[in-house]
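Trainee: Could you take me through one part of this structure in detail? I would like to start from a single residue and then see what lies around it.

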Amino acid sequence: MKDDPRSHGLWERSAPPPPVTAPLAGEMKADVAIIGAGFTGLSAALHLAEGGAKVVVLEAVEAGFGGSGRNVGLVNAGMWVMPDELPAVLGDVYGARLLDLLGNAPRAVFDLIDKHNIACEAERQGTLHCAVGKDGLAEIKERARQWQARGAAVRLLDAGETARKVGTSAYTGSLLDERAGTIQPLAYARGLAHATVRAGATIYTSSPVMAAKDDGVLWRLTTPGGAVVAPKVIVATNAYTTTLWPQLRAELVHLPYFNMATPPLSDNLRRSILPERQGAWDTKEILSSFRFDKEGRFVFGSVGALRGTGGPVHRGWGRRAMTKLFPQLKGIDFESEWYGWIGMTADNLPRFHRLGRNVISFSGYNGRGIAPGTVFGCCLADLMLGRTGDGDLPLPVSEPQAASLRAAKEIYYEVGAQVAHAAGAHF
């Protein structure tokens, strides 16, 4: 299979088409300009447009092109760090609020899917974090204890119950997170794009931002075909950031992650692996992830880029690792493959940035882009619709959103600022 950096593999083959868009031509005015049409940018655009703002989204390639359209599709709660680490860094008030936001993030995703009738193969059966050896079991036990102390719907499964749910005896236990689930990620991104357009926002694709200039009142974002002029800007480019605002790119370690998918499996094989259709991943440092799509294709992934000499190496490793876990899949090849880039931070936490006057950003999702990206996009929209810490005038907003702006500012702005301060982010 030929390596194509534009390829989204199986997700491209099975996703509904995106909305019809075109490159920017000429000059446009907006209340808020958004750079990047992934989960964060589209969520922000949707919520802003629903709040009455005139929104323009500038995307260098196409909606969902980056990590949003290439990931495994696990809709997980929280971040990689243990739950107790957030209050330890941010304090009990802001740490608890951030945990609540992230713990409920999968519900926010599924609520958007329902509200906007997004066809993205949503499965709400939870996810399984599978323990490898004694150390892995100790890790998920502690994670379960910390989440359960906060009332989260998570359950620790022993080796026997894990084997029944996963279809292999390779794991010493697992953590079932009933808040979580799986989606077809490119289909979700394109569904958000459709909803954003219906809400009144405009998306321009094949429109990379080449320059950003602030005249003290308005920002002018220049693309090859035109420019957008707006008083407020959201930067939502994460691991696919290029030359503008280089601090975003500099703070990230760019980690490649690949996925490979089999042809649809027989009914017997499908019943023997993940019969309840949870998505799963393990506790290894170089982890493996696996799940099914709606047609019964088995999707197996791990760290690495399918390019150059890495292509055959990772393909061979993937076949061996998959059949070691699931011997019943021996002899079954992969029919599609793809990879993308994850933005990793030093402490596995995202960064909130104030990049300039009225320019804000979230980035560094550390492989947890779907649910956090969606809710942080909403946070950014709420900041733009309300009063920021700089005392800017809010954009016009509609009820009942206006009634919630004070609460939104208190929760989202202060949490974001505290996260940024604790992480040493740039303002």
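Mentor: S43 sits in helix α2, which covers residues 39-50. This is a predicted model. Is S43 buried or exposed? Its relative accessibility is 0%, so S43 counts as buried; the cut-off for that is under 20%.

Now see what S43 touches. Leaving out residues up to four places away in sequence, S43 is in contact with G373, T374, G377 and C378. Next comes helix α12, which spans residues 370-385.

How many residues does α12 have? There are 16. From its first C-alpha to its last, α12 reaches 23 Å. At 1.5 Å a residue, 22 Å is expected, and the value is close to that. Helix α12 is also mostly covered, with 16 of its 16 residues buried.

Now the sheet. Six strands form it, in the order β9-β3-β2-β13-β20-β19. The sheet is open, and its pairing is mixed. Its edge strands are β9 (202-204) and β19 (351-356), each of which pairs on one side only. On average, neighbouring strands in this sheet are turned by 20° against each other, ignoring direction. Helix α12 packs on the sheet. The strands touched by α12 are β2, β13, β19 and β20 (359-363). The direction of α12 makes about 165° with that of β20.

Look inside the sheet at one pair. Strand β2 holds residues 32-35, and strand β13 holds residues 232-235. The two run parallel, joined by four bridges. For V32, the bridge partner in β13 is K232.

Compare another helix, α4. It has 12 residues, 92-103.

Take Q278, in the loop between α10 (267-272) and β15 (279-282). Its relative accessibility is 2%, so Q278 counts as buried. What does the side chain of Q278 reach at 3.4 Å? That is the backbone oxygen of Q125. The side chains of Q278 and E276 are joined by a polar contact of 2.8 Å. Setting aside residues up to four places away in sequence, Q278 touches Q125, G126, T127, L128, K165 and L176.

Now a strand residue. L255 is in strand β14, residues 253-264. At 26% relative accessibility, L255 counts as partly exposed. L255 and M344 are 89 residues apart along the chain, yet their C-alpha atoms are separated by 6.9 Å. M344 is also among the contacts of L255, along with V303, G340, W341 and I342, once neighbours within four places in sequence are left aside.

Finally, step back to the whole chain. It has 13 helices and 20 strands. Of its 427 residues, 57% count as buried. Among contacts with a separation of 6 or more, 75% come from residues 24 or more positions apart. The chain exposes about 17100 Å², and carbon and sulfur atoms supply 54% of that area.

Conventions: Residues are numbered from 1 along each chain as its sequence is written. This is a predicted model: local features need pLDDT of at least 70, side-chain atom pairs count only at pLDDT 80 or more; totals for chains, interfaces and linings use all residues. Side-chain values use heavy atoms; hydrogens and water are left out. The expected span of a helix is 1.5 Å times one less than its number of residues. Buried means under 20% relative accessible area, exposed over 50%, partly exposed in between (1.4 Å probe, protein chains only). Contact means heavy atoms within 4.5 Å. Accessible areas come from the Shrake-Rupley method with a 1.4 Å probe; for residues, only the protein chains shown count as cover. Two strands pair if DSSP finds at least two bridges between them. Axes are lines fitted to C-alpha atoms, for helices over the stretch in contact, and angles run from 0 to 180 degrees between N-to-C directions. A polar contact is a pair of N or O atoms within 3.5 Å; within protein, one must be able to donate a hydrogen and the other to accept it, and residues adjacent in sequence count only if both atoms are side-chain atoms.
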